[in-house]
Amino acid sequence: MFSIPSRILFVIAASGFVSEPLTAQTAVPHPSVKRIEPGLESAVDWKWWVVPSEEKDWGFTLPDPEPAPGVVTPGAPVSTVVPVRPTAYTVTKGDALAIIARKFSMSVVQLKAFNGLTSDVIRIGQDLKIPTFDELKAMAPPPEPPAAEVKKKPTEKPKPQLTFEATREMENVLLQVFLDRENFSTGPIDGNTGATFEKVLALYRGVHDDVQGAEPLRQKAVTVVGEPFTRYTLKREDFRFIAPPKPELATAKPAPRSRSSKGKSAPTLPPPTYDELTSSSHLAYRTAWEFVAERFHCDESFLRSLNFRIKSSPEAGTEFQVPNVIPFEIEKALETPLQPAADPAKAVTAAVVDLSRIEIHQAGKLIAVMPMALARPDLRGRGSWTVLDALPRPRLATKQEQKEQPKPKNSTSLTSTLLPAEVTTPSAPALSSEQYIAAGPNNPLGIVWINLAKAKSTEPLPYGLHGTSIPGQMKTQEGIGGLRLANWDIARAVRLLPSGTPLQWK
């Protein structure tokens with residue numbers, strides 16, 4: 001069973017802040033106090049364990065669209081009977097307007113108009129009217145032509161490429177993309193340099209003698225990368241991983257922008273609640289912007305600044321300017337085998353360094369560096385651990401059973417006097433059955449969980465190496481699990497770490 005060792009902490013529900021263990025020296029909140037990942041503020045006090053989820057819960061499969069009248073499936077006899085189109089549909093678990101509209105060969109706008117809906121919110125058990133094809137044709141306004149047809153218009157001019165005012169920023173992107181392609185990740189690409197960038201660059205230079213100067217480094221980057229930016233067109237099938245737009249997007253306040261942002265910043269959607277995390281059938285990307293940002297390893301506000309002419313809710317056919325990395329393709333990221341076979345001639349070792357990065361060596365040579373952040377408050381390790389097996393598509397399960405809190409060694413200590421009975425909240429009874437945080441790209445464990453064990457043991461620890469749903473905030477917000485990497489980094493790390501790899505704490 002997955003459970004997290006106990007820790008004295010206080011969850012302040014209103015603010016989501018967690019204090020350091022309360023002792024005579026830390027009777028007040030520590031200056032370095034961190035926030036808990038939204039939705040998990042109270043859940044950090046519960047016992048948790050990791051379980052697999054099904055592929056369908058991640059958006060990897062698409063419902064077959066209903067054929068139009070008279071359309072025969074290729075290879076089928078001419079006498080194939082076309083199913084009668086229903087006039088009503090009852091919403092079931094996992095449904096969304098986009099899914100239902102696609103199922104009945106119509107647009108979301110048409111489905112909402114035919115049912116008099118003013119929002120995208122639907123509920124299980126709700127009955128929706130389905131128009132016939134004649135009714136669809138009679139509806140006004142007619143659906144917009146597909147993006148592919150729009151592009152064929154001879155009068156349409158190509159979208160202008162965004163140019164940067166500062167050449168230096170473009171050079172920074174080139175180097176960030178180059179290091180990322182070499183598996184020396186500096187974190188989300190944003191056109192900025194900083195302590196993490198400089199450290200990763202120094203590590204890369206430590207194993208590559210041909211990039212010691214600025215110009216040799218740039219020349220190699222140009223040879224490997226070419227242009228720092230490329231283009232990506234949002235596909236219709238991408239929306240299996242993206243939640244339908246929410247009404248609050250229209251009135252959401254802009255989020256703080258990074259130093260590099262010159263255009264639109266990402267609107268601040270209300271953070272998910274615990275009830276939303278557990279009641280949702282599928283934790284999809286919240287917006288198309290979030291999907292594209294993760295696919296191309298970049299900061300979302302930076303992506304918006306590159307594409308400030310795009311409206312806030314991109315549709316299929318929208319073209320983005322993106323960093324020229326090797327894209328994180330979630331639809332292919334979990335192809336098996338996930339882990340490589342161990343090769344004694346090229347032994348792999350790994351290390352957690354300064355609680356801030358993972359370093360991977362092969363045959364004694366550093367081959368990968370990836371930023372890391374702690375997911376569980378105050379997790380520390382020492383000595384040597386061991387990498388075990390990998391679990392794709394993980395999700396968290398709990399019965400809301402409280403973790404046991406350590407008893408003070410001296411009942412008359414200052415600690416006990418600082419904890420009056422009136423501030424102690426009685427523990428709620430545990431649930432009778434498991435409760436799950438929903439699966440999907442935006443679940444707190446990301447796309448892969450890698451089991452870890454103490455040296456010379458095969459018993460998994462309650463902490464793992466895993467992905468995250470908040471790559472831009474994972475170092476400022478803690479949660480549940482163990483050691484977090486961005487999804488694009490954990491997808492690469494798992495394919496470099498055979499089962500049995502030693503993991504050192506440095």
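**Figure 1. Overview of the chain.** The chain exposes about 26000 Å², of which carbon and sulfur atoms supply 56%; accessible areas come from the Shrake-Rupley method with a 1.4 Å probe, and for residues only the protein chains shown count as cover. This is a predicted model, in which local features need pLDDT of at least 70 and side-chain atom pairs count only at pLDDT 80 or more, while totals for chains, interfaces and linings use all residues. Residues are numbered from 1 along each chain as its sequence is written, and side-chain values use heavy atoms, with hydrogens and water left out. The secondary structure comprises 12 helices and 20 strands; helices (H or I, at least four residues) and strands (E, at least two) are DSSP runs numbered from the N terminus. Of the 506 residues in the chain, 44% are buried, where buried means under 20% relative accessible area, exposed over 50%, and partly exposed in between (1.4 Å probe, protein chains only). Among contacts with a separation of 6 or more, 72% join residues 24 or more positions apart; a contact means heavy atoms within 4.5 Å.

**Figure 2. The open sheet E4-E14-E15.** In this order, 3 strands form an open sheet with antiparallel pairing. Strand E4 (46-52) and strand E15 (435-436) stand at the edges with a single partner strand each, so one side of each has no neighbour in the sheet. Two strands are taken to pair if DSSP finds at least two bridges between them. E4 is joined to strand E14 (residues 394-402) by 6 bridges, and E14 pairs with E15 over 2 bridges. On the E15 side, Ala397 has Tyr436 as its bridge partner.

**Figure 3. Val50 in strand E4.** Val50 belongs to strand E4 and stands opposite Leu396 in E14. Val50 counts as buried because its relative accessibility is 18%.

**Figure 4. The nonpolar cores.** A nonpolar core is a set of buried Ala, Val, Leu, Ile, Met, Phe, Trp, Tyr and Cys residues joined through side-chain atoms within 4.5 Å. The largest core has 78 residues, and those with the most contacts inside it are Phe291, Ile447, Ile450, Leu465, Leu483 and Leu497. Helix H5 (residues 167-181) gives the most to this core, with 6 residues. Apart from it lies another core, of 16 residues, including Trp48, Val50, Tyr274 and Leu283.

Figure 5. In helix H9 (residues 288-295), 8 of its 8 residues are buried, among them Trp289, Phe291 and Arg295. The cover over these buried residues includes strand E7 (229-233), helix H10 (300-306), strand E8 (319-323) and helix H12 (487-493). Not counting residues up to four places away in sequence, Phe291 touches Tyr232, Leu234, Asp238, Phe241, Ile242, Tyr285 and Ile330. Just after H9, His297 adopts a positive phi of about 55°.

**Figure 6. Gln126 in a loop.** Gln126 lies in the loop between helix H2 (108-115) and strand E6 (127-129). With a relative accessible area of 12%, Gln126 is buried. Its side chain reaches the backbone nitrogen of Arg123 at 3.1 Å. Leaving aside neighbours within four places in sequence, Gln126 is in contact with Tyr89, Thr90, Val91 and Leu117.

Terms used
Polar contact = N/O pair within 3.5 Å; in protein donor to acceptor, adjacent residues only side chain to side chain.
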